[in-house]
Amino acid sequence: MAFQENFLWGSASAAYQIEGAANLDGKGDSIWDVYSRVPGNTFKDTTGEVAIDFYHKYEEDIELMREMGLKAYRFSVAWTRIMPDGRTVNPKGVEFYHNVINKLIECGITPILTIYHWDLPQALQDEYQGWESRKILADFTQYCEVLFNEYGDKVPYWVCMNEQNIFTSLGYVQKIHPPKVSDYQRFINANHIASLANASAVKRFKEMGIKGQIGASFAYSPTYSKTAAPEDVIAAENAQEIQDLLWMDVYAKGAYPKIGLKLLERLGIHIDFQDGDKELLKAGICDFMGLNYYQSATFVAPENREQTAQTGNAAQVSVVSDVARIPTDDYYVRADNEHLKMTDWNWAIDPEGLRVALRRITSRYNLPILISENGLGAYDTLTEDGRVHDDYRIAFLKAHVEAINDAIEDGCEVIGYCTWSYQDLFSWLNGYAKRYGFVYVDRDEESEKELKRYKKDSFYWYQRVIETNGENLD
Ligand code: BGP
C-alpha cells in the first residue's frame with residue numbers, strides 16, 4: 001500500500017455532538033443549544049445537552065483510542081466554553097481543552113483541532129445576527145487568537161471552518177439549521193463573511209508564527225453528470241462552480257471562481273465585496289485542504305428533470321427541508337445515480353467518488369489533503385453479549401481506504417484519514433439512531449441510560465489497519 005510512514009490514521013468528532021455539559025463550568029449557550037431546545041427543530045427533539053458526556057468521560061474515551069492505536073484525533077472546541085458570551089474568556093473552558101489535548105499527547109495521539117464546528121455563541125447571534133454582520137470578524141479573530149496562544153505549541157494541525165458550505169446553506173437556504181431562514185442572498189452574504197473570518201484566522205495564525213498547519217474542512221460531493229448529454233454535462237459543471245469551487249477556490253487560491261460568480265450574478269445574487277476583502281482572502285490561503293467526503297452528487301439539466309426519480313432506501317428518518325425551490329434550480333437539478341447503492345439515510349455509497357475528489361483537488365490546487373471526515377451512518381444492534389457486528393461499516397471503510405490508496409498512487413498527497421466518527425454521537429438532524437462510531441454508545445433518543453461504551457467489530461478492524469499502516473484491510 002502507498003501510505004506514508006507517518007500517515008495520520010485518525011477519527012473525528014465535534015464538541016456539540018459529544019461533550020454534553022451544556023451549561024457546566026461557565027459554558028454559555030450556542031445557537032445549537034438554543035435551536036435544539038425548540039420542539040420540532042431536530043429529530044424526535046433530541047439535543048446535545050448530555051450527548052455522550054465526553055466532558056466527563058474524556059479520559060476513559062481517550063484511553064480507548066490509545067488501545068486502538070489511533071494516530072490522530074480531530075475534535076472541535078466549543079467557542080461558548082472558551083468565551084461564553086463570544087468575548088470574555090472562561091478559564092475553566094480553556095482548561096478543559098488543555099486537559100483533552102494533554103491526555104491525547106500522553107496517549108501518543110496527534111490532536112487536530114477544529115476551531116468552528118457550527119456552535120456560534122447565541123449572544124453574538126442576538127447582538128448582531130452572527131454571520132450576517134461584519135462585526136463577527138473581530139470577535140472570531142479574537143477567539144482564534146486565544147486558541148492559538150493557549151494550544152499553539154501543542155497542536156500541529158488546525159481546521160478553521162468545518163463545512164462552511166453546509167452550515168450556511170442549511171441555515172440560510174434549506175431552513176434546517178439555525179437561524180432557519182430561506183433567502184439565497186442572505187446565504188451568500190453570511191457565507192462571504194464566514195470566508196473572510198476563515199481568511200482572517202489563517203492570516204493571524206501565520207502572523208503569530210504558530211508552527212503547525214491550518215486549513216478548512218470542506219464538505220465535498222464531487223459532481224457527476226447523469227448522462228453524456230451535453231446539457232447535463234454543463235449542469236454538472238455549473239453545480240461544481242456553485243456548490244464546490246465557491247469555497248474550495250477561496251481556501252486554496254484566495255479568490256472566488258470566475259464562472260461561479262457570473263452564474264450567481266445572472267440570478268441577481270451578488271457578493272458584497274468591500275475594500276480590503278480581496279486582499280484578506282489572498283492573505284488567508286490554507287496550508288492544506290480538509291476534505292469531508294460522504295458521497296458524490298449527480299446532476300441533470302433542469303429540462304431533463306424527469307430523470308431525477310430517487311431510487312433510494314425508504315428507511316430514511318431525519319428532519320428534511322420543506323423548501324421547494326431554490327434559485328440554482330435554473331442551472332442544475334440533483335438526480336439519482338443508478339450505479340450506486342444507498343445507505344439507510346439515502347446517501348449514495350461511492351468509494352470511487354473519494355478518489356475523484358482527491359484527484360480533482362490535487363489537479364486544481366496541488367495542495368496536501370487531510371481527509372477530515374468519512375464514514376457510514378447506519379443502524380447498529382448491540383447483542384446480548386455486548387458486541388456489535390458492523391461488517392457493513394467495515395466493508396464501507398475498507399473500500400474507501402482502498403480508494404485513498406489508489407488516489408495516492410495517482411499522485412495525490414494525503415496526510416491522513418479521519419473517519420467520522422470515533423464513537424457514536426449526536427447527529428444534528430438524525431438524533432442518536434444514525435450511528436457512525438467504532439465505539440457503540442448505549443443511549444437512544446428516549447433515554448441516556450448509562451452511556452456505556454462497547455467496542456464494535458470495526459474497532460478491531462481499524463486497529464489492525466493502523467497497526468499494519470493500511471496493509472491489512474481484511
Ligand atoms: C458532517 C458534519 C458532522 C457530521 C457528519 C454526518 O456534515 O461535519 O458534524 O454530523 O456530517 O452527518 P449526519 O450526522 O447528518 O449524518
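**Note on the predicted model**

1. The buried residues of helix α15 are covered by elements that include β1 (8-12), α3 (54-68), α14 (391-410), β11, β12 (439-441) and β13 (453-455). The model under review is a predicted one. Helix α15 itself spans residues 457-467 and is mostly covered, eight of its eleven residues being buried. The buried positions in α15 are Asp457, Ser458, Phe459, Trp461, Tyr462, Gln463, Val465 and Ile466. In an α-helix, residues three or four places apart point the same way, since there are 3.6 residues a turn. After α15 comes asparagine 469, with a positive phi near 50°.

2. Strand β11, named above as part of the cover of α15, comprises residues 414-420 and pairs with β10 in the parallel sense over three bridges. Within this pairing, leucine 370 stands opposite glycine 416 of β11. Strand β10 covers residues 369-373 and is mostly covered, with five of its five residues buried. Strand β7 (residues 288-292) also runs parallel to β10, and four bridges join the two. Here leucine 291 has isoleucine 371 in β10 as its bridge partner.

3. Is alanine 219 buried or exposed? Alanine 219 counts as buried because its relative accessible area is 14%, below the 20% limit for that class. This residue belongs to strand β5, which consists of residues 213-219. With neighbours within four places in sequence set aside, alanine 219 is in contact with Glu163, Asn165, Ile166 and Asn292. The C-alpha atoms of alanine 219 and asparagine 374 are 10.0 Å apart, although 155 residues separate the two along the chain.

4. Which side chains place a polar atom at 2.8 Å or 2.7 Å from a ligand oxygen? For histidine 117, a polar side-chain atom lies 2.8 Å from an oxygen atom of the ligand. For lysine 434, the corresponding separation from a ligand oxygen atom is 2.7 Å. In serine 427, an N or O atom of the side chain is 2.5 Å from an oxygen atom of the ligand. On its own the ligand has 380 Å² of accessible area, and the protein covers 91% of this.

5. Two cis peptide bonds deserve a check against the model. The bond from proline 178 to proline 179 is cis, with omega near 10°, and proline 179 is found in the loop between α8 (164-172) and α9 (184-207). The bond from tryptophan 420 to serine 421 is also cis, with omega near 5°. Serine 421 is found in the loop that lies between β11 and β12.

6. Lysine 175, in the loop between α8 and α9, has a phi near 65°, positive in a residue other than glycine. Leucine 451, in the loop between β12 and β13, has a positive phi near 55° and is likewise not a glycine.

7. How are lysine 175 and leucine 451 classed by accessibility? Lysine 175 counts as partly exposed because its relative accessibility is 30%. Leucine 451 is buried, since its relative accessible area is 8%.

Conventions
Residues numbered from 1 in each chain as written. Predicted model: local features only at pLDDT ≥ 70, side-chain atom pairs only at ≥ 80, totals over all residues. Heavy atoms only, no water. Buried < 20%, exposed > 50% of the residue type's maximum accessible area, 1.4 Å probe, protein only. Contact = heavy atoms within 4.5 Å. Polar contact = N/O pair within 3.5 Å; in protein donor to acceptor, adjacent residues only side chain to side chain. Areas by Shrake-Rupley, 256 points an atom, 1.4 Å probe, with all protein chains shown as cover. Pairing = 2+ DSSP bridges.
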